[in-house]
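Keep the sequence and the coordinates open beside the text.

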Amino acid sequence: MPLERRRFIASTLGFSVATLIVGNTYAHVPRKPIRETLLPKRLKKGDTIGLIAPGYAIEGTILEAAKETLKAMGFIPFHTNRILSNYGYFSNTDTERAQDLNEMFSNDDVDGILCARGGYGCTRIMHMIDYDSIQKNPKALIGFSDVTALLNGIHQETGLVTFHGPVGSTLNDPYSIGQLQRVVIHPQNQQIITNSILTDDDIKGNPEYDRYTITKGKATGKLVGGSLTLINALIGTPHEIDFTDALVCIEDVEEAPYRIDRMLTQLIAGPTFSKAKGIIFGVCAGCNTSTNPLSFNLKEVLLDRIKPLNIPAIYGMSFGHIKSSFTFPIGITAKLDADQMTLQLLQKPVR
């Protein structure tokens, strides 16, 4: 089908011209390069926060608990009936989940959007997102895990800064709440993101919570990344992440060392990962276990795969599938000091 006809069909059906379906395949029409970073507005008490479940289904009790936390933070929670209309292991059909996301951005009464939970499903709706509408209605989108696909894809398509932070089901920890507030409500100039204070329960006999420098040095670049599994799931799609000159944030959960090895090896063999400025690992919870007695451990895998890149890299920052997790903005320029294990935001992520 000629390119011009595909563009015409996309416009008449109301889809974004970024990506559309032709038959059963994805056809990508390149967008204009994003020249400017698009900042969402700063959130404040009294704002309405739209809750969506773009992947897995969420239990009603967990949703209600998330709403109570948002109320305690001074927000007004809002969601549609779509969020609890289970469809297999999803919260709803692909079409309905995408519509929920699109409507939250287009709804003038909604000030920010929080994913109620993660779980598989976000990559299935990437081609249904109305990126043009998002560009016209920039809002803070917050989440992690499978939401990694939405955070990076939406930033890539629109320039909108998004937020790798807690989802509704994990927004129940004082540190996580405080860190989210510091980034989207009370941002400071040259803000340094601080790690959580580890308790004995966290670190006792658990090397997954170790904090160490893989390669020393300092680097400045745009923050990208999130779940390693989802970063890899975007490879070969229109939303594959360009790591050139970026600070890449990586975490994962319940993946054996050989699987971490395989995913990192795939990234390293790709066109841009070796062009990154630095790498920041969060806590890879449950990723140091293996049934193979001859297995490398997690740290050995990371040193083997990352150290040869010869760029500043650290492990153990407070983000990921852990109780206390900080929020970092996707698309904002930051500075990594691998010697001191600090991360500093060089721009305010909200306006």
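**From a cavity to the sheet**

Helix α6 (residues 174-184) contributes the most to the lining of the largest cavity, giving three residues. This is a predicted model. Rolling a probe the size of a water molecule over the atoms shows where empty space is left. Here the count is three cavities of 30 Å³ or more. The largest cavity holds about 70 Å³ of space.

What lines the largest cavity? Its lining consists of L43, I49, L70, M73, F75, L114, I142, L171, L180, Q181, V184 and I185. By class, that lining has eleven nonpolar residues, one polar residue and no charged residue.

Helix α2 (residues 60-72) is the place of E68. In sequence, E68 and L345 are 277 residues apart; in space, their C-alpha atoms are 30 Å apart.

Now turn to the sheet. Strands of a sheet pair through backbone hydrogen bonds, either parallel or antiparallel. Eight strands make up an open sheet here, with mixed pairing. Their order is β8-β16-β15-β10-β11-β12-β13-β9. Which strands lie at the edges? They are β8 (192-193) and β9, and each pairs on one side only.

Work through some of the pairs. Strand β15 (residues 333-337) runs antiparallel to strand β10 (residues 218-227), and five bridges join them. Within this pair, L336 in β15 stands opposite A219. Strand β15 also pairs with strand β16 (residues 342-345), again in the antiparallel sense, over four bridges. There, K335 has Q344 in β16 as its bridge partner. The hairpin of β15 and β16 has four residues between the strands. In this hairpin, M341 takes a positive phi near 55°.

For a parallel case, look at β11 and β12. Four bridges join these two strands. V248 stands opposite I279 in β12.

Next comes helix α10 (residues 298-306). Its buried residues are L298, V301, L302 and I306.

Two loop residues close the tour. Most residues other than glycine have a negative phi, and most peptide bonds are trans. D245 has a positive phi, near 60°, and is not a glycine. It sits in the loop between α8 (228-233) and β11 (246-251). D245 is partly exposed, because its relative accessible area is 43%.

Where is N310 found? N310 is in the loop between α10 and β13. N310 counts as exposed, because its relative accessible area is 63%, and the exposed class begins over 50%.

Terms used
Residues are numbered from 1 along each chain as its sequence is written. This is a predicted model: local features need pLDDT of at least 70, side-chain atom pairs count only at pLDDT 80 or more; totals for chains, interfaces and linings use all residues. Side-chain values use heavy atoms; hydrogens and water are left out. Two strands pair if DSSP finds at least two bridges between them. On a 1 Å grid over the protein atoms alone, a cavity is a set of points where a 1.4 Å probe fits but cannot get out, and a pocket is an open set with protein on both sides within 12 Å along at least five of seven lines; lining residues have an atom within 4 Å of a point. Grid points are joined across faces, edges and corners, and a volume is the space filled by probe spheres set on the points. Ala, Val, Leu, Ile, Met, Phe, Trp, Tyr, Cys and Pro count as nonpolar, Asp, Glu, Lys and Arg as charged, and the others, Gly among them, as polar. Buried means under 20% relative accessible area, exposed over 50%, partly exposed in between (1.4 Å probe, protein chains only).
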